[in-house]
Amino acid sequence: MFKNKKILLIGAGNMGQSLIRGWLKHGYKNILAIDPNLEVKKTLSNLEISFHEDIEHFHFDVDVIVIAVKPQVLDEVLHQISMQDLSKTAILSIVAGKKIKVYQEALGDVSIVRSMPNTPSSIGNGMTALCASSQTSEEQVLLSQSLFESVGKVAWVDESMMDIVTAISGSGPAYVFYFIECLISSAVKAGMKEDLARELAIMTVYGSANYALESEKNLQELRERVTSPGGTTEAALEVLTNGDFKDCIDLAINQAKKRSEELN
Ligand SMILES: NC(=O)c1ccc[n+]([C@@H]2O[C@H](COP(=O)([O-])OP(=O)(O)OC[C@H]3O[C@@H](n4cnc5c(N)ncnc54)[C@H](OP(=O)(O)O)[C@@H]3O)[C@@H](O)[C@H]2O)c1
């Protein structure tokens with residue numbers, strides 16, 4: 001339905017490239033990217049997109065502008081696109097921490113869709129939360145949803161939820177990677193070869209996440225199924241409980257949320 005829509009991506013770094021690859025894979029045909037980085041240009045040179053090094057003199061006759069630059073570059077980009085007629089264009093941003101009102105102050109009453117994707121988007125297993133300004137039409141809502149469904153799952157939330165979304169699913173992959181690193185470190189300390197430790201740890205997290213997704217049982221039931229009284233899992237979980245694992249996670253999430261609020 002949307003595959004012929006004209007998409008302009010501003011900033012084709014890590015996240016931008018994940019999006020481009022997802023869109024191409026899902027049949028989007030009209031993709032333009034702007035990025036001053038010549039390495040990026042080289043990386044994308046074999047893809048079916050058009051590429052420009054700068055915004056100046058660029059005509060923004062597009063259905064959606066996806067902003068994927070670092071937060072410190074956002075003001076400059078908004079200033080550059082504010083010169084254009086954006087009345088029929090959806091502005092879809094993945095910039096962390098910036099509220100819809102930041103875009104409205106720079107661009108006026110146009111359609112703004114704020115999003116928080118995560119890095120597993122690069123393999124099509126992302127989780128993206130979206131919220132939209134009231135000027136966003138139903139078609140623009142569906143287009144935004146479709147663009148992010150090209151790289152994973154999508155959830156619509158109220159904008160007030162974006163800081164906690166950032167702390168859970170935006171930053172979340174880093175906590176999971178750290179947890180895997182800890183598992184590997186313990187295995188290696190106990191004498192296991194690192195390659196095997198890596199495979200065991202990653203497959204355990206991957207398998208458990210998929211099992212949790214597919215199972216009709218809740219997480220507590222799944223956990224209890226592995227935990228025999230007096231067994232190994234119970235011994236480990238006792239240490240985690242006594243070591244305030246849950247409080248530690250809660251503290252970490254709150255710190256991330258606070259930082260996201262400060263970035264606004
Ligand atoms: N990484 C994550 O986990 C994650 C998750 C959710 C949201 N985000 C958000 O996604 C955004 C992008 O993150 P990223 O990790 O993809 O950053 P990145 O890899 O640094 O990509 C940003 C790209 O934008 C380019 N750029 C700089 N100025 C520009 C301009 N005026 N016009 C067009 N392009 C310009 C940069 O070029 P140079 O390298 O030459 O500066 C770079 O190639 C950030 O705002 C971040 O908050 C990231």
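Select the shell around the ligand: its residues divide into 15 nonpolar, five polar and three charged. Here Ala, Val, Leu, Ile, Met, Phe, Trp, Tyr, Cys and Pro count as nonpolar, Asp, Glu, Lys and Arg as charged, and the others, Gly among them, as polar. This is a predicted model, where local features need pLDDT of at least 70, side-chain atom pairs need 80 or more, and totals for chains, interfaces and linings use all residues. Numbering runs from 1 along each chain as its sequence is written, and side-chain values use heavy atoms, without hydrogens or water.

In total, 23 residues surround the ligand (a heavy atom within 4 Å). Colour the closest: Asn14, Met15, Asp35, Val69 and Ala96.

Next, show the polar contacts (N or O pairs within 3.5 Å). Go to Asp35: a polar side-chain atom lies 2.7 Å from a ligand oxygen. At Val69, a polar backbone atom is 2.6 Å from an oxygen atom of the ligand. On Lys70, pick the polar side-chain atom 3.4 Å from a ligand oxygen.

Now zoom out to the second largest pocket, where the ligand sits (more than half of its atoms within 2 Å of the pocket's grid points). A pocket is an open set of points on a 1 Å grid over the protein atoms alone, where a 1.4 Å probe fits, with protein on both sides within 12 Å along at least five of seven lines; lining residues have an atom within 4 Å of a point.

Key:
Polar contact = N/O pair within 3.5 Å; in protein donor to acceptor, adjacent residues only side chain to side chain.
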